[in-house]
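Please look over the sequence and the structure shown below before reading on.

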Amino acid sequence: MRPSIFRSVQSAVARNSPRRSYSTHSVPERKVAVLGAAGGIGQPLALLMKLNPLVSRLALYDIAGTPGVAADVGHINTRSEVSGYMGEEQLGKALEGSDVVIIPAGVPRKPGMTRDDLFNINAGIVKSLCTAIAKYCPNALVNMISNPVNSTVPIAAEVFKKAGTYNEKRLFGVTTLDVVRAKTFYAGKGNVNVAEVNVPVVGGHAGITILPLFSQATPKANFSDEDIKALTKRTQDGGTEVVEAKAGKGSATLSMAYAGAMFADACLKGLNGVPDVVECSFVQSTVTELPFFASKVRLGKNGVEEVLELGPLSDYEKENLESLKPELLASIEKGIKFANQS
């Protein structure tokens with residue numbers, strides 16, 4: 001996992017050294033589609049993907065408002081050509097030829113609303129979008145942001161299975177925001193440089209299913225057991241912290257867009273053959289007995305090249321791992337059931 005902002009964007013924001021910059025002449029053509037591009041996550045995500053020089057074509061889709069977002073973002077003087085698509089009749093055009101599809105579409109979480117409360121609305125949206133993906137770009141890497149990720153990824157898998165296009169190496173639940181939060185909170189508590197911090201986060205992407213492995217964090221900081229428990233709880237409750245801080249007027253949109261852009265960048269680097277690209281993601285897995293699980297994943301030209309083992313866990317982490325499994329399994333099964341209802 002990279003210790004700093006995704007490096008492809010560095011040339012766009014002039015923060016990298018010359019040796020790390022990318023020549024647009026040597027970088028493959030890559031199309032990225034953002035589904036839900038006019039929303040609270042979608043707009044900043046569209047901006048960040050426009051800044052990424054690995055993207056040559058950027059397709060922005062939503063049910064309304066997309067032409068304005070596309071016109072706005074399209075004026076930025078970076079490599080990619082931007083197109084906006086609006087309404088179901090234009091979804092196919094948005095998807096055709098896509099290498100990576102990012103899905104932030106759906107309704108945001110509101111005060112008092114759990115991720116599970118979002119289920120019926122967002123599950124239907126995801127099911128519809130994935131049906132179109134199976135038809136128009138079945139080989140794309142699909143980055144699922146729409147919550148609840150613990151259920152929407154299994155929904156997508158079932159939709160793709162029905163269409164005969166499912167490839168477990170190409171479907172990802174984006175859990176990067178949990179990693180971003182864990183790094184930030186760890187660095188703040190330990191008074192270390194956040195750019196140098198790595199913290200694997202495993203399990204799922206909601207509440208107690210989020211399990212940061214602070215025992216494996218680097219650089220090492222001298223934390224008490226109580227500190228670790230508090231950091232774990234804050235990481236798990238990060239989304240609620242933002243919802244409450246916004247006083248019910250929003251959820252984690254900007255940090256989620258950043259995390260989504262980071263993960264999409266990792267996928268693009270993998271597709272382009274950059275070696276040793278490793279990120280945490282919620283994928284089909286045999287790391288545990290659960291069919292889907294978030295852990296470190298090595299990315300490559302086929303998507304998932306390797307799902308890495310969990311490594312040594314502390315007693316506290318082992319206990320939490322066992323505690324999260326029933327809830328995560330229930331969310332996975334709920335998604336599968338929804339997908340197969342009709």
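Leu 231 touches Phe 185, Tyr 186, Lys 189, Phe 214 and Phe 223, when residues up to four places away in sequence are not counted; contact here means heavy atoms within 4.5 Å. This is a predicted model, in which local features need pLDDT of at least 70 and side-chain atom pairs count only at pLDDT 80 or more, while totals for chains, interfaces and linings use all residues. Residues are numbered from 1 along each chain as its sequence is written, and side-chain values use heavy atoms, with hydrogens and water left out.

**Helix 8**

Leu 231 is found in helix 8, where helices (H or I, at least four residues) and strands (E, at least two) are DSSP runs numbered from the N terminus. Helix 8 covers residues 225–236, and its 12 residues reach 17 Å from the first C-alpha to the last, close to the 16 Å expected at 1.5 Å a residue; the expected span is 1.5 Å times one less than the number of residues.

Is Leu 231 buried or exposed?

| Residue | Relative accessibility | Class |
|---|---|---|
| Leu 231 | 7% | buried |
| Ser 323 | 43% | partly exposed |

The buried residues of helix 8 are Ile 228, Leu 231, Thr 232, Thr 235 and Gln 236. They cover an arc of only 135° around the axis, which puts them on the same side of helix 8; the arc is that of the directions from the helix axis to the C-beta atoms. These buried residues pack against helix 7 (176–190), strand 8 (210–212), helix 9 (238–245) and helix 11.

**Ser 323**

Ser 323 and Phe 292 are 31 residues apart in sequence, and their C-alpha atoms are 16 Å apart in space.

**The nonpolar cores**

A nonpolar core is a set of buried Ala, Val, Leu, Ile, Met, Phe, Trp, Tyr and Cys residues joined through side-chain atoms within 4.5 Å. Of the 49 residues in the largest one, Leu 35, Leu 95, Val 101, Ile 103, Ile 133 and Phe 160 touch the most other members. The largest share of this core, eight residues, comes from helix 5 (residues 119–136). Apart from it lies another core, of 42 residues, among them Val 34, Leu 51, Leu 177 and Leu 299.

Definitions and conventions
Buried means under 20% relative accessible area, exposed over 50%, partly exposed in between (1.4 Å probe, protein chains only).
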